[in-house]
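Here's a structure to walk through together. Take a look at it first, and then we'll go from a single spot out to the whole protein.

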Amino acid sequence: MSSSLPNKRTRESDDTPKPNTKHRKLSSGREKKDAISEAAQLLSEAPDVKAAATFVLQVLQMAVKMLREQRKDLELGVEPKEKEMSVKGVTEMLEACGWARSDSDNNKFILQPVAKNRINMQRARVLLSKLAGSKESSSSEKPPIGLVRYHSKVISESEEKAATAHRSEAVAKEGEYELGIRAAVAQCLTNKDPRVTRSMFRAVQNILKKLEKKPSDLRNRRIQCNSVICKKFVTQPKGGVALIESIGFEKDEYKVGKKTIPCYIMKNVVSVKISAAVKLLAEADSSLTNKKDVPTTVVKQVRCKCGYWGSTETDGLCSVCYKKRTFQLGGSEKDEPEKKEGEQRKGNWKAKFVKAKIKLRAVRLFKKGLKSKKVQTNKNRCFFCNKKVGYLGFECRCMFTFCEKHRFPDAHKCKFDYKRQHQNKLKKDNQALTRNKMTKID
């Protein structure tokens with residue numbers, strides 16, 4: 001049997017180099033480490049190794065200390081220490097640790113407060129302490145004051161002029177927007193009811209705050225004309241439409257399937273205009289709320305007639321008594337004997353109902369005419385078949401005697417109500433055990 005097996009790989013194919021993808025992310029870190037070690041080698045080749053190593057070590061030590069205090073860009077001046085900076089390997093070591101020459105001035109190095117730079121500086125400090133032949137703390141010489149300091153960004157005159165021009169334009173635009181919004185707010189204040197205007201200002205403020213958070217969302221830029229908010233706070237009160245139009249909303253329509261829905265939409269969102277509108281509406285709302293009359297009377301607690309606490313606002317009455325007096329929920333004290341009489345009448349209705357039932361039954365029977373009840377005179381004979389029984393007859397519940405054949409109720413058409421008898425017996429034997437829901441306190 002011959003089996004077709006796949007061809008084995010040759011040795012030449014096994015020797016082919018494979019791309020190392022595992023440690024690709026760590027390549028930049030290794031390159032940095034190599035740069036630090038190369039700079040250390042260059043420093044070791046310098047004539048005065050100890051002096052150069054101690055200088056760089058002091059600079060790095062000071063930089064680490066300042067970065068711990070505040071995470072800001074650091075600046076290193078070259079002019080006060082030109083000799084030390086000109087030594088072979090010093091600038092290379094600083095660049096390997098993360099220091100870079102500034103674009104504006106070549107005599108300055110700038111360090112960004114990044115975690116990677118701090119790690120590199122710590123590794124460089126270990127290598128430099130070995131070259132200097134002493135610990136970091138035992139370095140007697142210190143760098144001059146102002147050599148390493150926090151970097152303050154210098155702005156050129158042209159940039160400063162452009163910034164001031166931009167600010168002035170923004171202020172002018174904001175002033176124009178405020179004029180239009182102020183006129184609309186003044187129109188809204190002509191409403192008779194100040195509560196309506198206050199609620200209108202607050203509703204518009206909520207819409208604008210949502211717009212500030214997500215200006216790209218179309219739902220925040222639309223106000224449907226058929227919605228309750230638009231009808232209540234925009235179209236019905238005076239100045240509502242003018243206020244929305246002054247902010248930047250325009251009347252438009254949008255389609256949902258076959259339906260066209262009218263709405264107010266803000267096509268171009270201007271953040272300056274929205275912030276100005278929110279500010280002015282907040283001021284107008286606060287002015288309306290401050291106009292409220294503050295109550296001068298002091299409310300005090302007073303005992304009511306019923307024993308509970310009341311207040312001076314409710315004429316010294318508790319909440320229950322005040323409701324009774326104002327809304328006439330309970331009756332007055334004069335109506336109490338009438339209530340007792342009514343309760344007594346309610347208790348006697350059952351007895352009266354039973355009497356009326358008996359009377360009605362008597363009247364009905366009288367109208368039909370009373371039939372005389374059959375009575376058995378001869379107890380020695382069967383009442384159904386008249387057979388002679390003697391003393392061996394069977395007396396039924398219907399008070400008649402019968403023979404052996406007709407002694408059962410279905411045989412002689414007995415008219416005795418067995419159902420009612422059993423019901424009465426059950427009532428007598430199984431009396432209801434009721435308990436009062438409220439325990440009476442004597």
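## Starting from one proline

Let's begin in the loop between α8 (194–213) and α9 (218–221), where you'll find proline 215. Keep in mind that this is a predicted model. Leaving aside residues up to four places away in sequence, proline 215 touches Arg221 and Val269. Another residue to look for is methionine 266: it sits 51 residues from proline 215 along the chain, and their C-alpha atoms are 9.7 Å apart.

Now move over to a pair of helices. Helix α3 (residues 49–69) and helix α6 (residues 115–132) have axes that come within 9 Å and cross at roughly 150°. Because angles over 145 degrees count as roughly antiparallel, α3 is roughly antiparallel to α6. The crossing of α3 past α6 is left-handed. Who makes the contact? On the α3 side the residues include Val49, Leu57, Leu60 and Leu67, while α6 brings in Met121, Leu128 and Leu131, among others. Sorted by class, this contact has 13 nonpolar, three polar and three charged residues.

Finally, step back to the whole protein. You can count 16 helices and eleven strands. Of the 442 residues, 26% are buried. Among contacts with a separation of 6 or more, 59% are between residues 24 or more positions apart.

Technical notes: Residues are numbered from 1 along each chain as its sequence is written. This is a predicted model: local features need pLDDT of at least 70, side-chain atom pairs count only at pLDDT 80 or more; totals for chains, interfaces and linings use all residues. Side-chain values use heavy atoms; hydrogens and water are left out. Helices (H or I, at least four residues) and strands (E, at least two) are DSSP runs, numbered from the N terminus. Buried means under 20% relative accessible area, exposed over 50%, partly exposed in between (1.4 Å probe, protein chains only). Contact means heavy atoms within 4.5 Å. Axes are lines fitted to C-alpha atoms, for helices over the stretch in contact, and angles run from 0 to 180 degrees between N-to-C directions. Angles under 35 degrees count as roughly parallel, over 145 as roughly antiparallel, 65 to 115 as roughly perpendicular and the rest as oblique. A crossing is left-handed if the near helix is turned anticlockwise from the far one by less than a right angle, and right-handed if clockwise. Ala, Val, Leu, Ile, Met, Phe, Trp, Tyr, Cys and Pro count as nonpolar, Asp, Glu, Lys and Arg as charged, and the others, Gly among them, as polar.
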